[in-house]
Amino acid sequence: MTSTSPTMSVSMSLPFLLLLLLTPLNLPLTTMMTAVESASDDPAPAAWPHQFHSVLFMNNSKGALQVVDLWYDWPNGRNFNIIQSQLGKLTYDLEWDNGTSYIYTLDSDRECNTMHFPVGILRPDWLDGANYLGQRRVDGFLCNVWEKVDFIWYYEDVLTKRPVHWVFYTGYNAHVMTFEVGAVLEDAKWDAPAHCFGEEKTDSAQSRRSPPLLLESVTSDYSHGRLIRDERSIRNLDSF
Ligand SMILES: *[C@@H]1O[C@H](CO)[C@@H](O)[C@H](O)[C@H]1NC(C)=O
Ligand SMILES: *[C@@H]1O[C@H](CO)[C@@H](O)[C@H](O)[C@H]1NC(C)=O
């Protein structure tokens, strides 16, 4: 078949080729091939490296943009999102595996919001059990795509197995700009500032503000305790 294809392409007229490419008959064929492939052996998403640094370009459902410095540090039980809103606030979201998170600013407002979660940070294998949806091209990369409990759609580069993109059911989505495996933020940077430990400060801060949108919707569903963990590292902080 391969050896005859040059002859075939010569003998095929351009209109015929176009017909072949554009005809709806191609659709069922493609679907069928995907189905067969997924029935035999679905690719599984790569586990997250135990330590990495990533720069994420985020766009929420309303079009608000953020750049997030994500420092994932599983062996030390900690995760850090440093969130720069476009022409706006720089917010630090420091998460510990014991369930405590500090969300603060270092500007003159000196805000700090302490939160407690029933689960710790995302596990490296948090994507286990996701449903494979096939391949799609996103941001110019050919990706394998998975969906997990109608909550997140995750795009991973077919060749390098690095994450490229993910989308939450709300529309909040991330484009992975850098992915430095093994990069670790120095210990001193993981200290929450003193104003997170003042009396009553955290309580009043918490009652003044509603929790981040996604967080609220997820924590209301305790039957999906695992999901809270899934959401924690990249939750929507635009309401903070
Ligand atoms: C952000 O998302 C909004 C809404 O989906 C979209 O209209 C806009 O083009 C996006 N902006 C960027 C820079 O991707
Ligand atoms: C969790 O760990 C952090 C960092 O060591 C600490 O500040 C916080 O108080 C701990 N929270 C609990 C509930 O033990």
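Two strands are said to pair if DSSP finds at least two bridges between them. Strands (E, at least two residues) and helices (H or I, at least four residues) are DSSP runs, numbered from the N terminus. This is a predicted model, in which local features need pLDDT of at least 70, side-chain atom pairs count only at pLDDT 80 or more, and totals for chains, interfaces and linings use all residues. Residues are numbered from 1 along each chain as its sequence is written, and chains are lettered from A and ligands numbered from 1 in the order in which they are written.

**The sheet**

The chain contains six helices and eleven strands. Eleven strands make up an open sheet with antiparallel pairing, and their order is β6-β5-β4-β3-β2-β1-β11-β10-β9-β8-β7. At its edges stand β6 (112–116) and β7 (131–138), each of which pairs on one side only. On average, neighbouring strands of the sheet are turned by 20° against each other, direction ignored; the axes used for such angles are lines fitted to C-alpha atoms. In general, strands of a sheet pair through backbone hydrogen bonds, either parallel or antiparallel.

| Strands | Bridges | Facing residues |
|---|---|---|
| β1 (residues 51–59) and β11 (residues 173–181) | eight bridges | F57 and H175 |
| β5 (residues 100–104) and β6 | five bridges | Y104 and C112 |
| β10 (residues 163–168) and β11 | three bridges | W166 and A174 |

Strands β10 and β11 also form a hairpin with four residues between the strands, and G171 takes a positive phi near 105° there.

**The core**

A residue is buried if 20 or more other C-beta atoms lie within 10 Å of its own, exposed if 12 or fewer, and partly exposed in between, with C-beta atoms placed from the backbone. By this criterion, 26% of the 240 residues of the chain count as buried. A nonpolar core is a set of buried Ala, Val, Leu, Ile, Met, Phe, Trp, Tyr and Cys residues joined through C-beta atoms within 7 Å. The largest such core has 32 residues, of which L56, Y102, Y104, Y154 and Y155 touch the most other members. Strand β2 (residues 65–73) supplies the largest share of this core, four residues.

Two residues are in contact if their C-beta atoms, placed from the backbone, lie within 7 Å. Apart from neighbours within four places in sequence, Y154 is in contact with P45, L127, A130, W146, P163 and W166. Among contacts in the chain between residues at least 6 apart in sequence, 48% join residues at least 24 apart.

Technical notes: Axes fitted to C-alpha atoms, helices over the stretch in contact; angles between N-to-C directions.
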